Amino acid sequence: MNKKLTFTVSALLVFGTLFYFNQKEQYEPEVIEETIDLEEPKTEDQILYGINVNELDVVEGVVGKNQTLSTILAPFNVPYQIIDEIARKSIDIFDVKKIAFNKKFTILTSKDTSLAQFFIYEPNPAEFVVFKLDEGEVYKEEKPVEIRKVEIGGTISSNLYVNMTEIGISPDLIDQFADLYGWAVDFQRLQKGDKFKVSYSEKVVEGNVVGIGDIEVAYFEHMGVSYPAIPFEQNGERTFFDQEGNSFKKAFLRDPLKYSRISSRYNLNRFHPVQKRYKAHLGTDYAAPTGTEIRSVGDGTVVEARYTSANGNFVKIKHNGTYTTQYLHMSKIAKGMTAGTRIKQGQVIGYVGSTGLATGPHLCFRFWKNGKQEDWLKEKIPPSEPISQENRMAFEQVKLERMQQIAAIPYVEPNQKLVAKVNP
């Protein structure tokens, strides 16, 4: 009995030992060798003006007074021969003589030397010119532009210019607005509580507004009377019309200067500030700083462009068989203004000054109708063609859409422009 028990126990021990080693061999975990890359992670490329600047030092600055390409690059060990060569090569892309005071530039040098490899100049906020000095290459690029739509309205408390600029509208857009409504509304006689709305687009580069587009739709309310301006294309031209389909566009611009102040009106018995006597003032005076651009109010042909002791520098333009205009006291006449020169509406013909019999800088604007001088501000200039009958249905549909757009434009308080901005 004991022998059998001993055998049985021994057999179980042997079997258990064999089973253990068999299972251990079967379930032994596999060792996987893995190679770990201990190299440093690759540095992300830093791109500036389209150039990888990881291995370069960046020096930024602005052009000082009387600085040239040569004087800017002199501290960066660029030989004069290279500067001369790059200046000659770049003339068709960007003339280095036009490098201007206070404009931004950037110089890229290698980290181990102070030798400049790139010179980048920004002639305006939207463009830059790259001078690749080591290869004599020059090219111009544009920065990424965001087009942002603005829809905004405001209320007149002082004047159009002040109240529009208070809510962030640029002078260029104000000029467009004033030209649009110039014959419908007398901006010199606005009332507190008059209202305006406008929709337009802005070009934005690096968060800064660098330009504006044309007005998309506009609205003005003067003394309780509404003046919506509905855009519509007729005969291949995009023009603004009122609700009845009459054109806002006239043969002439309302003012020969962009939005400005009338300092003296047509007056048959005005006291002359220089001659100290009463005499007829047959023109309209616009006060403006010296150098302000003067533009022709309409298409026409230059009749005279010269100097006289009373008129100073002046230009006279014949528009057709009925109308002639004259622009006096210019600081200088624009280039190309000679008798016989054809002029387009809005073209710059000279600059505000105080030449001749003038006490200060202003433009005296004179207007003839059928050979007789008339009061420009009281003249009724015929409008362009109204909406034609065949376009009436299409115009009514556009008008409905635009009036809904106008109604949705908010009025804002000063410095609230951002809340009225929306992307297209």
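A residue is counted as buried when its relative accessible area is under 20%, and as exposed when that area is over 50%. By this criterion, 40% of the 424 residues of the chain are buried in the predicted model. The secondary structure consists of 6 helices and 26 strands. Of the contacts between residues at least 6 apart in sequence, 63% link residues at least 24 apart. The chain exposes about 24800 Å², of which 51% is supplied by carbon and sulfur atoms.

Helix H6 covers residues 392–408 and contains 17 residues. The distance from its first C-alpha to its last is 24 Å, close to the 24 Å expected at 1.5 Å a residue. Phe-395, Lys-399, Gln-405 and Ile-406 are buried in H6. Viewed down the helix axis, the buried residues of H6 lie within an arc of 125 degrees, and therefore line one face of the helix. Cover for these buried residues comes from elements including strands E8 (146–155), E9 (195–205), E11 (217–222), E12 (225–234) and E13 (237–241). On the face of H6 turned away from the buried side, the exposed residues are Met-393, Gln-404, Ala-407 and Ala-408.

Backbone geometry was also examined in two loops. Met-223, in the loop between E11 and E12, has a positive phi of about 55 degrees although it is not a glycine. Met-223 is exposed, with a relative accessible area of 59%. Asn-370, in the loop between strands E24 (362–369) and E25 (372–373), is likewise not a glycine and has a positive phi of about 55 degrees. The relative accessible area of Asn-370 is 57%, and this residue is exposed.

Terms used: Residues numbered from 1 in each chain as written. Predicted model: local features only at pLDDT ≥ 70, side-chain atom pairs only at ≥ 80, totals over all residues. Heavy atoms only, no water. Helix = DSSP H or I, 4+ residues; strand = E, 2+ residues; numbered from the N terminus. Buried < 20%, exposed > 50% of the residue type's maximum accessible area, 1.4 Å probe, protein only. Contact = heavy atoms within 4.5 Å. Areas by Shrake-Rupley, 256 points an atom, 1.4 Å probe, with all protein chains shown as cover. Expected span 1.5 Å × (residues − 1). Arc of directions from axis to C-beta.
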